[in-house]
Amino acid sequence: MEMGSPIRIGVSSCLLGNRVRYDGGHKLDLHVAELLAEHFDLVPVCPEVECGLPVPREPMRLEGDPEDPRLMAIETRVDLTEKMLEYCDWKVRELQGAGICGFVFKSKSPNCGLRVGVHNPSPVGRGSGLFAAAVIRHFPRLPVVEEGGIDDTALRESFIREVISFRDGNRLHRGKR
Ligand code: SF4
């Protein structure tokens, strides 16, 4: 990223009002879409659509071991885990190339949520959505938050500061090489 260029952060696409959810709807969050847009360049990401699934689509959920869950279509029992992990592997590299300095995830999603219910077959605990887990593995220091952490003023300001400091740290690191 060049000096003076806007700071980019990734955002779960449905939070920006894009109709990418399984039911064809969105989850527009004005605190994310408007307040964060005053500070950052928002990069929309919908892992479910970008990995090739249609809109609308069958709902899915995390199942099995909360530490290493599978992504399963609820009715047809199709296992979507490998398809999603393959996409995540590619996408985190693309996001690195785009120079993202933070990510706002949609809560309760089996792909975007940071702490999501896992079933086996009844609820057995909580784990990370597959895409959120891949982002955190690839960028261990990246500031991340769910939309609830943006709706709250103090948490939002703290996230904004963390993102700016992440960007400044990256600049410093590049300057030393
Ligand atoms: S929560 Fe994530 S996967 Fe689900 S619709 Fe929103 S962006 Fe797409």
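How many residues of β1 are buried? I began with this strand and found β1 mostly covered, four of its five residues being buried. I note at the outset that the model is predicted.

**Entry 1: the sheet**

I next looked up the partners of β1. The strand spans residues 8–12 and pairs with β2 in the parallel sense, over five bridges. Reading across the pair, I found Arg 8 opposite Asp 41 of β2, and Ile 9 opposite Leu 42 of β2.

I then traced the sheet as a whole. It is an open sheet of four strands in the order β2-β1-β5-β8, and the pairing is parallel. β2 (41–45) and β8 (144–146) are the edge strands; each has a single partner, so one side of each lacks a neighbour in the sheet. On average, neighbouring strands of this sheet are turned by 25° against each other, direction ignored. I recall that strands of a sheet pair through backbone hydrogen bonds, either parallel or antiparallel.

**Entry 2: the core**

I turned to the nonpolar interior. In soluble globular proteins, nonpolar side chains tend to be buried together. The largest nonpolar core here holds 43 residues, and Ile 9, Leu 36, Val 104 and Phe 131 touch the most other members.

I listed the contacts of Val 104, leaving out residues up to four places away in sequence. Among them are Ile 9, Gly 10, Val 11 and Ser 12, as well as Leu 36, Val 145, Ile 150 and Phe 159.

For Phe 131 I examined helix α4, which covers residues 130–138. Its buried residues are Leu 130, Phe 131, Ala 132, Ala 133, Ala 134 and Val 135. I asked what the buried residues of α4 pack against. They pack against β2, α2 (47–50), β3 (60–63), β4 (70–73), α3 (81–98) and β5 (103–105).

**Entry 3: the ligand shell**

Which residues come nearest to the ligand? Of the 13 residues around it, I found these to be Ser 13, Cys 14, Cys 46, Glu 48 and Cys 112. Sorted by class, the shell contains six nonpolar, three polar and four charged residues.

**Entry 4: Leu 28**

I located Leu 28 in the loop between β1 and α1 (30–35). Is Leu 28 buried, exposed or partly exposed? Its relative accessible area is 41%, so Leu 28 counts as partly exposed, the buried class ending under 20% and the exposed class starting over 50%. Not counting residues up to four places away in sequence, Leu 28 touches Cys 14, Leu 15, Leu 16, Gly 17 and Ala 33. I also checked Leu 28 against Gly 64: the two are 36 residues apart in sequence and 31 Å apart in space, C-alpha to C-alpha.

**Entry 5: backbone geometry**

Most residues other than glycine have a negative phi, and most peptide bonds are trans. I therefore recorded the exceptions below.

- A cis peptide bond joins Val 55 and Pro 56, with omega about -5°; Pro 56 is in the loop between α2 and β3.
- The peptide bond from Asn 120 to Pro 121 is cis, with omega near -5°; Pro 121 is in the loop between β6 (116–119) and β7 (123–127).
- Arg 77 is not a glycine, yet has a positive phi of about 65°. Arg 77 is in the loop between β4 and α3 and is partly exposed, with a relative accessible area of 42%.
- Lys 108 has a positive phi, near 65°. Lys 108 is in the loop between β5 and β6 and is exposed, at a relative accessible area of 71%.

Definitions and conventions: Residues are numbered from 1 along each chain as its sequence is written. This is a predicted model: local features need pLDDT of at least 70, side-chain atom pairs count only at pLDDT 80 or more; totals for chains, interfaces and linings use all residues. Side-chain values use heavy atoms; hydrogens and water are left out. Two strands pair if DSSP finds at least two bridges between them. Helices (H or I, at least four residues) and strands (E, at least two) are DSSP runs, numbered from the N terminus. Axes are lines fitted to C-alpha atoms, for helices over the stretch in contact, and angles run from 0 to 180 degrees between N-to-C directions. A residue is near a molecule or strand if one of its heavy atoms lies within 4 Å of it. Ala, Val, Leu, Ile, Met, Phe, Trp, Tyr, Cys and Pro count as nonpolar, Asp, Glu, Lys and Arg as charged, and the others, Gly among them, as polar. A nonpolar core is a set of buried Ala, Val, Leu, Ile, Met, Phe, Trp, Tyr and Cys residues joined through side-chain atoms within 4.5 Å. Buried means under 20% relative accessible area, exposed over 50%, partly exposed in between (1.4 Å probe, protein chains only). Contact means heavy atoms within 4.5 Å.
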